[in-house]
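Welcome, and thanks for taking a look at this one with me. Please have the sequence and the 3D view open as you read the short report below.

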Amino acid sequence: MSVNLQTPIDYLKGVGPNRADLLRSELGIHTYQDLINLFPNRYIDRTKYYKINQLQDNSSEIQVIGTIVNIQEISQKHGKRLVATFQDETGSMELVWFRGIKWIKENLKRNIAYVIFGKASWFNGVYSMPHPDMELLTEHEQNLRSAMQAIYPSTEKLSNKGITNRVVSKIMQQLFLETKGKFEESLSPGLLNSQKLISKSDALFNIHFPKNQDLLAKAEFRLKFEELFYIQLQLILKNLIHKSKIKGLTFVKVGDYFNTFYTQHLPFELTDAQKRVLKEIRQDLGSNAQMNRLLQGDVGSGKTIVAFMSMLMALDNGFQACLMAPTAILSVQHYNGLHELCKPLNISIKLLTGSSTTLERKEIDETLQNGSLQIIIGTHALLEDKVVFNNLGLVIIDEQHRFGVAQRAKLWKKGPTQSSQNEETKSVPTPPHILVMTATPIPRTLAMSVYGDLDISVIDELPAGRKPIKTVHRFDTNRLKVFKFMRDEISKGRQVYVVYPLIQESAKMDYKDLMDGYESIVREFPIPTYQISIVHGKMKPSDKDFEMQRFINGETQIMVATTVIEVGVNVPNASVMVIESAERFGLSQLHQLRGRVGRGAEQSYCILMTSHKLGNDSKTRLETMTRTNDGFEIAEVDLKLRGPGDIMGTQQSGVLNLKIADIVKDKDLLKHARFCVQQILKSDPGLNQSGNIAILKTYRALTKYKNIWNYIS
Ligand code: ADP
Ligand code: MG
């Protein structure tokens with residue numbers, strides 16, 4: 001009978017209650033299965049022999065074959081040390097002992113080949129290895145050993161309590177003894193064959209006790225593939241189940257609003273990417289499942305028009321549509337833009353924000369409920385319970401990262417209640433279709449793993465004729481030149497943003513920087529020749545809006561601001577973005593800020609100001625910004641610098657709690673695993689074919705024992 005891997009770890013020989021407690025609390029190991037999935041961080045490779053001229057400072061443990069040509073005892077401040085000169089045909093190094101000198105000296109043999117093993121470091125012009133493991137070459141050759149030794153993740157507490165790497169290794173060996181190293185295969189024969197994967201048992205054995213480099217590589221590959229495969233399987237199935245279970249509103253036709261707009265009022269030719277995305281949306285809306293789609297598109301890629309045309313599809317089918325934006329300013333901008341587009345079509349559209357008057361609200365409430373209002377634009381105010389729709393068919397959420405999943409869910413409930421024979425579903429509203437738009441370019445690999453429950457569309461093309469923004473990095477010492485440049489641009493009729501970091505709302509220093517900067521700009525750009533707006537987080541929302549509006553209207557030439565302008569504002573006449581203390585901003589923030597310019601026909605500029613003191617990461621960020629305007633490329637660099645957890649926020653990082661694969665390094669494998677999942681589900685959606693038994697079984701176990709491989713939050 002095979003050993004049940006759900007057995008608590010306490011039952012393993014060599015693991016008493018104390019050790020079990022420590023393994024649980026420090027490493028999250030509760031069961032045999034958890035232990036098996038404790039994958040080593042690295043290996044000490046005892047199959048490879050280094051030559052002395054190949055040594056590197058502070059490398060991991062290495063081994064060298066050579067002979068001792070000289071032994072010397074050296075007195076030092078505290079006691080003595082023993083130094084042996086060790087040679088191979090490429091050079092010489094030192095072996096050093098501080099303890100047990102007498103015994104060692106007596107036993108060391110000169111001019112006989114040894115294999116030494118340890119960590120070498122560069123010291124006083126020569127490589128030295130303290131207290132090496134040594135073996136005569138002749139003996140070394142006779143010994144049988146597992147050539148590569150696994151080094152496991154550990155914590156300070158574990159090593160303090162005596163659970164060293166050796167102990168973990170021993171426990172692991174015990175587990176392989178008890179299970180006889182036989183583990184149930186979790187992938188299908190088809191996959192093993194087509195992907196040239198080694199079996200589960202071989203992979204687990206070789207990940208813990210690799211026989212050689214080649215088998216280790218095969219074991220890693222197989223386990224990484226498996227991990228990514230099951231993440232994708234779970235996400236894709238979740239999405240499919242959602243689609244089959246959650247009935248959506250079917251928009252059967254593309255009607256007059258859409259066609260009239262498309263043929264007569266479209267202000268420009270759509271880009272191919274916009275057309276493609278519209279087709280994807282059209283397909284969703286026409287199917288009878290609820291759409292849950294993420295629309296990614298770099299700043300300025302033209303998401304708004306896509307949103308509007310999707311709304312027209314809703315209207316054509318007799319439904320209402322709403323668009324929610326994270327700030328009042330943005331809502332107003334959307335409203336103003338869309339209002340213009342609605343005019344020739346005779347579509348009713350209104351705006352709802354926190355500052356809507358009682359009278360306005362009353363009218364909105366009435367017309368929303370009787371269905372005469374077709375489109376509503378607004379802020380969070382739209383989420384309030386008293387906002388009741390007559391027949392809400394489509395919800396569009398702009399700049400998604402400002403809204404949480406909970407808010408998405410709230411909008412769901414605002415869908416129409418359809419008459420139904422079924423008692424159970426009678427009063428349950430049918431959720432509207434949802435389109436979430438974001439300008440935060442999430443690398444596709446990450447999006448695939450995190451937003452698996454959303455379908456993804458990407459606008460990966462800017463409208464024709466845009467001039468790429470020129471980005472430069474300037475040191476604070478060159479400020480006067482930057483001021484001159486600003487004056488030149490303003491004299492051409494352009495407007496300028498100057499942005500200061502505001503990392504924390506409460507940070508006094510940041511406000512001081514902002515106010516100091518503001519004053520020096522007021523001095524450089526005196527009234528009445530120049531008018532300056534200022535916007536920061538400590539201002540009342542109405543004051544902020546007022547200042548923003550002055551800038552939008554062109555009444556002020558310079559906007560001094562903290563990062564409150566980060567999201568979405570559209571002032572096509574602004575052509576210069578100066579970012580102060582740019583080294584303090586993250587890459588995605590810098591990119592968002594830069595996206596505020598380059599929206600008109602003029603050449604635009606982004607100037608990154610920093611002091612001379614720059615860390616390596618800051619340098620990489622600045623170099624990336626000056627090199628490229630491509631949001632996705634920038635996002636990839638950001639992902640490398642910060643890791644996925646930071647990018648997605650702690651909320652979602654659980655999803656990325658990978659055991660062996662690395663979402664950055666293994667992104668090609670991730671894509672491939674996803675492809676394999678899709679292929680399998682295409683021919684066997686229910687995983688019912690006999691060839692897929694192992695997959696179905698593993699999938700069920702994963703969703704049952706969430707704590708095992710803690711993939712899904
Ligand atoms: P974002 O994706 O950042 O929300 P917008 O939808 O605000 O971008 O579009 C940015 C600007 O580009 C707007 O002024 C819009 O009218 C314009 N635009 C959008 N699509 C096109 C297109 N296909 N051709 C020309 N201009 C376009
Ligand atoms: Mg936008």
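## Salt bridges

Let's begin with the charged pairs. A search of the whole structure turns up 33 salt bridges. Please keep in mind that this is a predicted model, and that the values here are computed from it.

One pair to pick out in the viewer is Lys350 with Glu363, a salt bridge whose closest N and O atoms are 3.3 Å apart. The two partners are 13 residues apart and link distant parts of the chain: Lys350 belongs to strand β13 (residues 349-352), while Glu363 belongs to helix α14 (residues 358-370).

## The ligand and its surroundings

Where does ligand 1 sit? You will find ligand 1 in the largest pocket. There are 15 residues around ligand 1, and those that come nearest are Glu269, Gly300, Lys303, Thr304 and Arg466.

As for cover, ligand 1 taken alone exposes 570 Å², and the protein buries 76% of that.

## Backbone details

Two spots in the backbone are worth a visit. As background, most residues other than glycine have a negative phi, and most peptide bonds are trans.

Which residues does a cis peptide bond join? The bond lies between Ile527 and Pro528, with omega at about 5°. Pro528 itself is placed in the loop between α18 (508-524) and β20 (532-535).

The other spot is Asn124, a residue other than glycine with a positive phi, near 50°. Look for Asn124 in the loop between β7 (121-123) and β8 (126-130).

How values were computed. Residues numbered from 1 in each chain as written. Chains lettered and ligands numbered in written order. Predicted model: local features only at pLDDT ≥ 70, side-chain atom pairs only at ≥ 80, totals over all residues. Heavy atoms only, no water. Near = heavy atom within 4 Å. Areas by Shrake-Rupley, 256 points an atom, 1.4 Å probe, with all protein chains shown as cover. 1 Å grid on protein atoms, 1.4 Å probe; cavity = no way out; pocket = protein on both sides within 12 Å on 5 of 7 lines; lining within 4 Å. Sits in = over half its atoms within 2 Å of the grid points. Salt bridge = Lys/Arg side-chain N within 4 Å of Asp/Glu carboxyl O. Helix = DSSP H or I, 4+ residues; strand = E, 2+ residues; numbered from the N terminus.
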